[in-house]
Structure formats: C-alpha cells, structure tokens
Amino acid sequence: MGPTGAGKTTFINTVTGSTKLQVSDELESCTQEVQLSDPFVFQDRNVVFIDTPGFDDADADRSDADILRMVSDYLTEVYRRKQTLAGLVYLKDISQVRMSGSACNNLRIFRKLCGDPSLRNVAILTTMWSTVNGEEAEKRHRNLGRGG
Ligand SMILES: Nc1nc2c(ncn2[C@@H]2O[C@H](COP(=O)(O)OP(=O)(O)O)[C@@H](O)[C@H]2O)c(=O)[nH]1
Ligand SMILES: [Mg+2]
C-alpha cells in the first residue's frame, strides 16, 4: 500500500524478478485495480504480492475511501479462498519530507484495520533513496519510527 508514485509496483517487480506489472510514468498512475504478482518461493512458502492502486491520485475519479473499499473487498475474497494474508508493506517515498495529510490518514486507517497484534506484520519500506543525499535520507528514515 502507499501513495501513487511511491514505487509499489516497481518494488514488486524487482522482488519477483518480473516485469509483468506495469509501472507508471512520471505523471500517470497505471495501477487502477488490485493485481497479483507472479508467485515466488520464500522460506518454503509460496508468496504472492498484491499490488494496490495508490492513494493521492491527482486525476483519479475515485476517492481514497473507494480505494480502501476495493482493497478490503479483495482481501475478503482472498480470505474466502482460505489464502492467508501474511503481512502488509507500506511504501513511502523518502524524498518527500512530510507525509501528505491523506497518506497519514491512510496509514492510520490501516493501523486500525490491522489491529495492534498484527502490526508486527506491517512493514514501512522507503524508496527513492537515490534521489536524496544519503545522510539526509538516513535521518528521515530514523524519524519515521518516531511518527515523523
Ligand atoms: N529513483 C527511483 N525511482 C523509483 C524507485 N521506485 C520507483 N521509481 C520510479 O517511480 C515511478 C513510479 O513507480 P511505480 O512503481 O509505478 O509507483 P506506484 O504508483 O507506487 O506503483 C516510476 O517511474 C519508477 O520507475 C526508486 O526506489 N528510486
Ligand atoms: Mg502501481
């Protein structure tokens, strides 16, 4: 999960060694629907990433609430198929000094949705390190843990 352009699709393609999922160009977001990555094996488990449409989409005609609903409907379906959701990765662009209000809100909603016991399965992952001075990026990364 994460705002549009945070690098969700790129991350999934990189980890799965695939180019299956389409990465957006500078301005346009292309992940309009929830989509599945190629499966891969990690620690003897079959793993699939669920790529989600981003929030904060300037030209999207859907609100963040619509997207949240789409994701939760999808997860309900996954649950029905008795596939388990192992965790959630929230991507954040380290070059953005502050999280936008809406990104903060979404993160808060997700914390609520997940509930504290499952928070250990939620990871915050930062991207775009090459676009920021290394020391500055380290500092921002540390601040994330303090709710910055
Ligand atoms: N420099 C840099 N560019 C990235 C990184 N991750 C993604 N991008 C670029 O950022 C743009 C948006 O990426 P995308 O994966 O579509 O973001 P999504 O909307 O979160 O799925 C694309 O042009 C990617 O090539 C990263 O870690 N560093
Ligand atoms: Mg995407």
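The structure is a predicted model, in which local features need pLDDT of at least 70 and side-chain atom pairs count only at pLDDT 80 or more, while totals for chains, interfaces and linings use all residues. Residues are numbered from 1 along each chain as its sequence is written, chains are lettered from A and ligands numbered from 1 in the order in which they are written, and side-chain values use heavy atoms, with hydrogens and water left out.

**Around ligand 1**

Let us start with the ligand. Ligand 1 has 14 residues around it, and G5, K8, T9, T10 and S24 come nearest; a residue counts as near if one of its heavy atoms lies within 4 Å. Sorted by class, this shell holds 4 nonpolar, 9 polar and 1 charged residues. In this sorting, Ala, Val, Leu, Ile, Met, Phe, Trp, Tyr, Cys and Pro are nonpolar, Asp, Glu, Lys and Arg are charged, and the others, Gly among them, are polar. Helix α1 supplies the largest share of the shell, 3 residues. Helices (H or I, at least four residues) and strands (E, at least two) are DSSP runs, numbered from the N terminus.

Which atoms meet oxygen atoms of ligand 1? A polar side-chain atom of K8 lies 2.8 Å from one. Polar backbone atoms take part too: one of G7 is 2.9 Å from a ligand oxygen, and one of M128 is 3.0 Å from a ligand oxygen. The protein covers 72% of the 590 Å² of accessible area that ligand 1 has on its own, with areas from the Shrake-Rupley method and a 1.4 Å probe.

**Salt bridges**

Side chains of opposite charge can pair when their charged atoms come close. How many salt bridges does a search of the whole structure find? It finds 6, each being a side-chain nitrogen of Lys or Arg within 4 Å of a carboxyl oxygen of Asp or Glu. The table shows some of them.

| Pair | Closest N and O atoms |
|---|---|
| K20 and D38 | 3.6 Å |
| D66 and R69 | 3.4 Å |
| E77 and R80 | 3.1 Å |

K20 sits in the loop between α1 (8-16) and β1 (35-36), and D38 in the loop between β1 and β2, so their pair ties together parts that are 18 residues apart in sequence. K20 is partly exposed at 47% relative accessibility, and D38 is partly exposed at 30%. Here buried means under 20% relative accessible area, exposed over 50%, and partly exposed in between (1.4 Å probe, protein chains only).

Two pairs belong to helix α2. D66 and R69 are 3 residues apart in α2 (residues 64-80), which separates them by about one helical turn. E77 and R80 are also 3 residues apart in α2, again about one helical turn. E77 is partly exposed at 32% relative accessibility, whereas R80 is exposed at 59%. E77, R80 and R81 are linked in a network of salt bridges.

**Two positive phi angles**

Finally, look at the backbone. Q43 is not a glycine, although its phi is positive, at about 45°. Q43 lies in the loop between β2 (40-42) and β3 (45-47). Is Q43 buried or exposed? With a relative accessible area of 66%, Q43 is exposed.

M128 is found in the loop between β6 (122-127) and α4 (134-144), and is partly exposed, with a relative accessible area of 32%.

Notes: Polar contact = N/O pair within 3.5 Å; in protein donor to acceptor, adjacent residues only side chain to side chain.
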